[in-house]
Amino acid sequence: MRETLAAALAMLALTAMPARAAAGPQLGTAQVSVQPQRVLARMPETGIGANTAAWDGHMLDPSLPGLLRKAGVRMLRFPGGSTADLYHWRTNSLIAGHGRTDPRDTFPAFLGMARRTGAQALITVNYGSGSPEEAAAWVRQADRIDPSGVRYWEVGNEVYGDGAYGSAWEYDDHVAKGPVAYAENLLAYARAMKAVDPDIEIGADLIAPGAWPDGIVLPGQTLDWNRTVLSIAGGAIDFVTIHWYPEDPKQPSDAALLGAPRTIPAAMATLRWEIAQYCGDRAVQVVVSETDSVPTSPGSQTVSPVSPLFLADDYASWLSVGALSVDWWDVHNGVTPDARQDADDGGGPGYGSYGFLADGSCVRSTCEPRAETPLPAYRGLLMVARWIAPGDYLVAAGSDRADLVVHAAMSESGAISLLLINENASEALRVSLPSGLDGMALRMDTYGQGGGGIGVDRVRGPTVRVAPYSLALITLDT
């Protein structure tokens, strides 16, 4: 639907500057502006990603590849978060006493599922209890299974949680801990793995700027985690990974969560500066290999109407500043009873879940819907996938209201698609579109707090109505 818009929207460049609001604009109205000549980034093939896990009993469901393809997922991370630092790929097993895997979720099985999805794999090799030799053998096995191989290999998961900063949640059996030890071991991993396949890309585990323990310098050292790792190993890596969970789990707030993506440009600018300082002109990319709302104890907010709004802004904002991939945690995660009941949720459904698809699990009498039922976050992902495709450009856009977030994508032919996010929980907005859409037949895909599926309407500019707490995608009707 994008390709036919080029001529019709050529005049957008002439109406690119934000409209000047009349004195005291009426409540419930908004003006959208687009600057197609101001390109922010290009959508990579791997832009929309998600996490899988070796313990997921539904990772091999026959319907899953189709559901992921529909949501535009082109990157799948394995074997899953902290599990990775306990995971031995040959036996598809964890260290005794540290949980279990699903016996069906072997590496070849995962790789087959990824290929059926049409997604590339991001493998997190075992740093905590593994070795460079084990990782190198994994690379060799990947090349044997698939001649095209696995391109992206990340060394360790949240290694900064090894106890060096006082909090230890990540398994790490190295005697020496902290950023110097990780960086020196990372060099050994990179040498061993690239000796097997020099075409693979190696990722370093960094901290999202502003997240704990970013900026903390350990006694006896001169640099914090990110700068230490980059100063030692920057010449051996091809990308960095960060995890971004912006909300305080002790004080969940819809307003705080929805406002969090506004901090993303500054966070990426900090990362780019750090990379430039120590990696020079090398094209070291940034992967947001885990993201969701809260880092612990998911409450009802994760399956509330705010979740798809946050997800859409989260993905669009990171992609707008050049992320190689944004990977939701995760596809399935299981039910978490919410005894707290987040204050903003009006009671909520009584459970939370990090997953964007249900797995039918129960804890006592609290259950998720049946397996592969879309949760609200999945609908948000569908909207992102309908809004932008690999190869499209992300261009500057905005509105004259703080509660109406606007993202714009442009195809090579110049076709513009608008993603509108109404963050107002109670007020619908009548949105004036850029003049290039005046009087044109438009398709408007919507998803909001009413739940259910994504609605599709045919409308005609110059204005559209965007419901409270909803997403709207505006494209030319074809």
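Visitor: Are the two residues Phe78 and Phe110 buried or exposed?

Guide: Both Phe78 and Phe110 are buried, where buried means under 20% relative accessible area, exposed over 50%, and partly exposed in between, with a 1.4 Å probe and protein chains only. The model is predicted, and local features are therefore reported at pLDDT of at least 70 and side-chain atom pairs at pLDDT 80 or more, while totals for chains, interfaces and linings use all residues. Residues are numbered from 1 along each chain as its sequence is written, and side-chain values use heavy atoms, with hydrogens and water left out.

A search of the whole structure returns 20 aromatic pairs, a pair being rings of Phe, Tyr or Trp (its six-membered ring) whose centres lie within 6.5 Å, with planes under 30 degrees apart counted as stacked, over 60 as edge-to-face and the rest as tilted. The ring centres of Phe78 and Phe110 are 4.4 Å apart and their planes stand at 10 degrees, so this pair is stacked. Phe78 belongs to strand β3 (residues 75-78) and Phe110 to helix α2 (residues 107-117), so the pair ties together parts 32 residues apart in sequence; helices (H or I, at least four residues) and strands (E, at least two) are DSSP runs numbered from the N terminus.

Just after α2, Gly118 adopts a positive phi of about 85 degrees.

The axes of α2 and α3 come within 11 Å and cross at roughly 50 degrees, axes being lines fitted to C-alpha atoms, for helices over the stretch in contact, with angles from 0 to 180 degrees between N-to-C directions. The two helices α2 and α3 are therefore oblique to each other (angles under 35 degrees count as roughly parallel, over 145 as roughly antiparallel, 65 to 115 as roughly perpendicular and the rest as oblique). The crossing of α2 past α3 is right-handed, a term used when the near helix is turned clockwise from the far one by less than a right angle, anticlockwise being left-handed. From α2, Phe107, Pro108 and Leu111 meet Trp138, Ala142 and Ile145 of α3.

Further out, α3 packs with helix α4 (residues 179-196) at an angle of about 30 degrees, their axes 8 Å apart, and α3 and α4 are therefore roughly parallel to each other. Here, too, α3 passes α4 in a right-handed crossing. On α3 the contact (heavy atoms within 4.5 Å) involves Pro132, Ala135, Ala136, Val139 and Arg140, and on α4 it involves Ala188, Tyr189, Ala192, Met193 and Val196. Tyr189 is also a member of one aromatic cluster, together with Tyr127, Tyr160, Tyr165, Trp169, Tyr182, Trp212 and Trp225.

Side chains of opposite charge can pair when their charged atoms come close. The structure holds 15 salt bridges, each a side-chain nitrogen of Lys or Arg within 4 Å of a carboxyl oxygen of Asp or Glu. One of them joins the side chains of Arg77 and Glu290 at 2.9 Å, N to O. This pair links distant parts of the chain, with Arg77 in strand β3 and Glu290 in strand β10 (residues 285-291), 213 residues apart.
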